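Here are my notes on this one, point by point. Have the coordinates open while you read.

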Amino acid sequence: DYYNLTISQLKGNVRTSQLALARHIAMYLIRTMLDVPFKKIGQTFGGKDHSTVMNAVEKIESNLKTNSQLAQAIHEIQKELKTS
């Protein structure tokens, strides 16, 4: 909802920057908030390999250190998820 994307868009293979970022954030949040294994997250996102999920999570963790807009977006999404 935060990025106005459908579940099928998040699970798909399209790699536009907005879709890839939203997909990476979703993978990051699932991993950090729910501690779901990388393999299971990959299966949820259309059969992606566990290494793809690991790279997505690492990329978000790295970008959080320097990108305050990303940190704010993730904070807002986490807040919304915790209240729903």
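1. Which residues are buried in H4? They are Val53, Ala56, Val57 and Ile60, where buried means under 20% relative accessible area, exposed means over 50% and partly exposed is in between, with a 1.4 Å probe and protein chains only. Seen down the axis of H4, these buried residues fall within an arc of 95 degrees, so they line one face of the helix; the arc is that of the directions from the helix axis to the C-beta atoms.

2. A word on ground rules. This is a predicted model, in which local features need pLDDT of at least 70, side-chain atom pairs count only at pLDDT 80 or more, and totals for chains, interfaces and linings use all residues. Residues are numbered from 1 along each chain as its sequence is written, and side-chain values use heavy atoms, with hydrogens and water left out. Helices (H or I, at least four residues) and strands (E, at least two) are DSSP runs, numbered from the N terminus.

3. Back to H4, which has 15 residues: at 1.5 Å a residue it should span 21 Å, and its end C-alpha atoms are 21 Å apart, which agrees. The expected span here is 1.5 Å times one less than the number of residues. The cover over the buried residues of H4 includes H2, helix H3 (38-44) and H5, with contact meaning heavy atoms within 4.5 Å.

4. H5 (residues 68-83) passes the length check too: its 16 residues should span 22 Å at 1.5 Å a residue, and the end C-alpha atoms are 23 Å apart, which agrees. Leu70, Ala73, Ile74 and Ile77 are buried in H5. They cover an arc of only 95 degrees around the axis, which puts them on the same side of H5. The general rule is that an α-helix has 3.6 residues a turn, so residues three or four places apart point the same way. On the face turned away from the buried side, H5 carries exposed Ser68, Lys79, Lys82 and Thr83. Helix H2 (17-34) and helix H4 (50-64) are among the elements covering the buried residues of H5.

5. Look at the start of H5 as well. Asn67 caps its N-terminal end, with a side-chain oxygen 3.0 Å from the backbone nitrogen of Gln69. For reference, a polar contact is a pair of N or O atoms within 3.5 Å; within protein, one must be able to donate a hydrogen and the other to accept it, and residues adjacent in sequence count only if both atoms are side-chain atoms.

6. How do the two helices meet? H4 and H5 pack at an angle of about 115 degrees, with their axes 8 Å apart; axes are lines fitted to C-alpha atoms, for helices over the stretch in contact, and angles run from 0 to 180 degrees between N-to-C directions. Ile60, Asn63 and Leu64 of H4 make the contact with Leu70, Ala71 and Ile74 of H5. By class, that contact has five nonpolar, one polar and no charged residues. Ala, Val, Leu, Ile, Met, Phe, Trp, Tyr, Cys and Pro count as nonpolar, Asp, Glu, Lys and Arg as charged, and the others, Gly among them, as polar.

7. H2 should span 26 Å for its 18 residues at 1.5 Å a residue, and its end C-alpha atoms are 25 Å apart, which agrees. The buried residues of H2 include Leu19, Arg23, His24 and Tyr28, and its buried set packs against H1, H3, H4 and H5. Thr32, also in H2, is partly exposed at 40% relative accessible area.

8. Phe38 sits in H3 and counts as partly exposed at 22% relative accessibility; leaving out residues up to four places away in sequence, Phe38 touches Arg31, His50, Val53, Met54 and Val57. Gly42, also in H3, is buried with a relative accessible area of 0%. Beyond its neighbours within four places in sequence, Gly42 is in contact with Gly47, Lys48 and Val53.
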